[in-house]
Every structure is written in C-alpha cells, then in structure tokens.
Amino acid sequence: MTWIPPALAVNPWLTHTARIADIVSECDGIATYRLCLDTSDNASAYVFEPGQFNMLYVPGVGESAISMSGDAHEPDGWIHTVRVAGNVTRSLAQLECGQTLGVRGPFGTGWPIPQLVGKNVVVVAGGLGLAPLRPLVYHLVRHRSQFQNVSLIVGARTAAGLLYPTEYANWTQAGIDVQLTVDRATAGWNGNIGVVTALLDRLKLNQIERASVVTCGPEVMMKYVGMSAMQRGIPAEQIWVSMERNMQCAAGLCGHCQLGPAFICKDGPVLRYDRLQPYLFVESL
Ligand SMILES: Cc1cc2nc3c(=O)[nH]c(=O)nc-3n(C[C@H](O)[C@H](O)[C@H](O)COP(=O)(O)OP(=O)(O)OC[C@H]3O[C@@H](n4cnc5c(N)ncnc54)[C@H](O)[C@@H]3O)c2cc1C
C-alpha cells in the first residue's frame, strides 16, 4: 500500500468537544487517553500524520500541546499519552472516562515517511519520546516490506518507565529489531544498562549511506543521538528530531515556540537535524 499523507485542512481556532473513551495508566504520572469527538461519527474526523500533535484544552484551566500516539490507520479516536507536568496536565489527570475536554488540531509536521521508504530506519526514543514515535512504529509495522532493516532503540530511567511494554513482542514479530535500555537497573531487569547512544554506537548497520535516524526524547538525548549518528557516517540530512517548545497558538502566529528561524508548531515539531544543529548547541535557547 502506498503512503498518502492526509490533507491538513484544519481550522486552527476551532476547538472540538471530545469525550474520554478510555484511560490506560502507563506508569507513575503518565496515562494514555483515547478521545472520541462528541459530534463525529465518521473516521475521517481522526485523520492525522504520525508525528503531529493536538492542543488539548481542559475547560477553565488551559491548553497543552500533546502528540498523537495512536495508529493513524485506525479510525478509533485520538490517542494521547500525557505526563503530569503542570496545571493543564494535572487537571487532565483528574478527569475520568466519559468526561469531556476540548481538542484543536492536528498540527505540525509529521515524520518524513516518504524519505524513509527503502532505507534502513533507526528509531531512537527516550522516555515519553516513544509517544510521538509510536504512530510511526505502527506505520513501519504495517508497511514493513517498504523499508530495509528497522531498529527501535528505547531508553528509560528504569524499566517501569518503558512505555507500551506489551507491544514490543508484536513489533519484534513484525520484523523490527527492538532494543531496550535503562539508566538504572531495578530488581528483575537483566537487559541493557546505559544511554540510548551506547546502543546506537553498537548497532549493526549495513549500507550506512542508506540509513536514516528518527528520534524523540529529552533535548540533550536528541543532540547526542544526532552526534552519534553522524559519527557513524549518517548525514545530518538523514536525521530527524521532534522538538518541544512552549506552545500557545499552535498556528504560527504568537511566536512562543520560536527556535531560531523556525516556529515549532508549524515548521515542526519534526525537523531535520541539519536545520536544528546550530540551535541545539546554544545553551538555554
Ligand atoms: C509538539 C509538542 C508535543 C508534545 N507532546 C507531548 C505528549 O505527547 N505528552 C506529554 O505529556 N507532553 C507533551 N508535550 C509537552 C507538554 O505540552 C507540556 O508538558 C505542557 O506544557 C504541559 O502543560 P501544563 O499546563 O500541564 O504544564 P505547564 O504549566 O505548561 O508546565 C509545567 C512545567 O514544565 C515546563 N514546560 C512546559 N512546556 C515544556 C516543554 N515543552 N519543554 C520543557 N519544559 C516545559 C514549564 O516551564 C513548567 O516548569 C508536547 C509539547 C510539544 C510542544
């Protein structure tokens, strides 16, 4: 099946009412929500590209940018994995199934799926960074034959922080080389210990010139993933990262999410490493 990016004709100011259909607790302070639009009865309402995000609005509290973390091919609602950080996400965490919130979106650039076709794809996720990457992993699984070797490196502070652990076996079975690592081993963990770049440095990569890296996680991690990948000989033009900044309007107008010449809401969140590289090395930017 060929990948056709969906049309991105959204009204950026229109907030839709969505009902929480399902809540899954992932780990301490992180839960996954399936949202169904109150007024929608058709699948086309849920079209998005892997890598895009929505603005979730908790009435009376405010809005937060939250990535899509579900399967873009499944018309069963919008799925978001949310970590409690401040006012909005704390209030969201107090909502229960059946309660409503507002949704604007989807916004932003998706993962560069057409450029990954025919390549060795290396996906590197740190902590909550697996959430925006999961729709891409679903795509790679569904269209596995379109890609060469596919590796997924997932890192977390401890094993309890590894997101979506029940899915790893399915992804492995689908032909994805899933490698896990933790910063700190806890009882029962007998896997890798250390940072994701240690696994990236050791990864067997045939035809390095045909390799592409996509990554999401803490900014410092993405910076080092980019450096490791480039040291392996992967050009910066074949590395993509998903960036976060303080998001307000999400429509490229307010400037809160500006990073260098880019507005993360509309030029990102997925950006090519060569475009970002000069800014990633400026402290506190
Ligand atoms: C494109 C995009 C996608 C995102 N996807 C997700 C997601 O899938 N799941 C998820 O849980 N979160 C995601 N975030 C982060 C989320 O938007 C912020 O954590 C948000 O500010 C939480 O809102 P709040 O009101 O609860 O906390 P706030 O009160 O806004 O913030 C709490 C604290 O976190 C700091 N902070 C806020 N935003 C950021 C940021 N972007 N980076 C670093 N520190 C920040 C603030 O300075 C403050 O100290 C995403 C952000 C962006 C820009």
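Visitor: Leaving aside neighbours within four places in sequence, which residues is Phe 147 in contact with?
Guide: Contact just means heavy atoms within 4.5 Å. Skip the neighbours within four places in sequence, and Phe 147 is in contact with Ile 113, Leu 116, Val 117, Gly 118, Lys 119, Val 121, His 139 and Leu 140.

Visitor: Quick check before we go on: what kind of model is this?
Guide: Residues are numbered from 1 along each chain as its sequence is written, and side-chain values use heavy atoms, with hydrogens and water left out. Local features need pLDDT of at least 70, side-chain atom pairs count only at pLDDT 80 or more, totals for chains, interfaces and linings use all residues, and the model itself is predicted.

Visitor: Is Phe 147 buried or exposed?
Guide: Phe 147 sits in the loop between helix H3 (130-142) and strand E8 (150-156); helices (H or I, at least four residues) and strands (E, at least two) are DSSP runs numbered from the N terminus. Buried means under 20% relative accessible area, exposed over 50%, and partly exposed in between, with a 1.4 Å probe and protein chains only. The relative accessible area of Phe 147 is 5%, so Phe 147 is buried.

Visitor: How many of the 13 residues of H3 are buried?
Guide: The buried set runs from Leu 130 to Leu 140 and includes Arg 134 and His 139. H3 is largely enclosed by the rest of the structure, because the buried count among its 13 residues is 11.

Visitor: And how far apart are the end C-alpha atoms of H3?
Guide: The expected span is 1.5 Å times one less than the number of residues. For the 13 residues of H3 that gives 18 Å, and the end C-alpha atoms agree, at 18 Å.

Visitor: At what angle do the axes of H6 and H7 cross?
Guide: Axes are lines fitted to C-alpha atoms, for helices over the stretch in contact, and angles run from 0 to 180 degrees between N-to-C directions. Under 35 degrees is roughly parallel, over 145 roughly antiparallel, 65 to 115 roughly perpendicular, and the rest oblique. H6 and H7 are therefore oblique to each other. The axes of H6 (219-231) and H7 (273-280) come within 11 Å and cross at roughly 120°.

Visitor: Which residues in H7 does H6 meet?
Guide: On the H6 side we have Glu 219, Met 222, Lys 223, Gly 226, Met 227 and Met 230. Over in H7, they meet Tyr 273, Gln 277 and Leu 280.

Visitor: Where is Tyr 164, the one with a positive phi although it is not a glycine?
Guide: Most residues other than glycine have a negative phi. Tyr 164 has a positive phi of about 55°, and with a relative accessible area of 3% it is buried. Its place is in the loop between E8 and helix H4 (168-173).

Visitor: What about Ala 250: what is its phi?
Guide: Ala 250 lies in the loop between E12 and strand E13 (258-259). At 4% relative accessibility, Ala 250 counts as buried. Though it is not a glycine, its phi is positive, at about 70°.

Visitor: Last one: what is omega for the peptide bond from Gly 268 to Pro 269?
Guide: Most peptide bonds are trans. Pro 269 lies in the loop between strand E14 (262-263) and strand E15 (270-272). The bond from Gly 268 to Pro 269 is cis, with omega near 10°.
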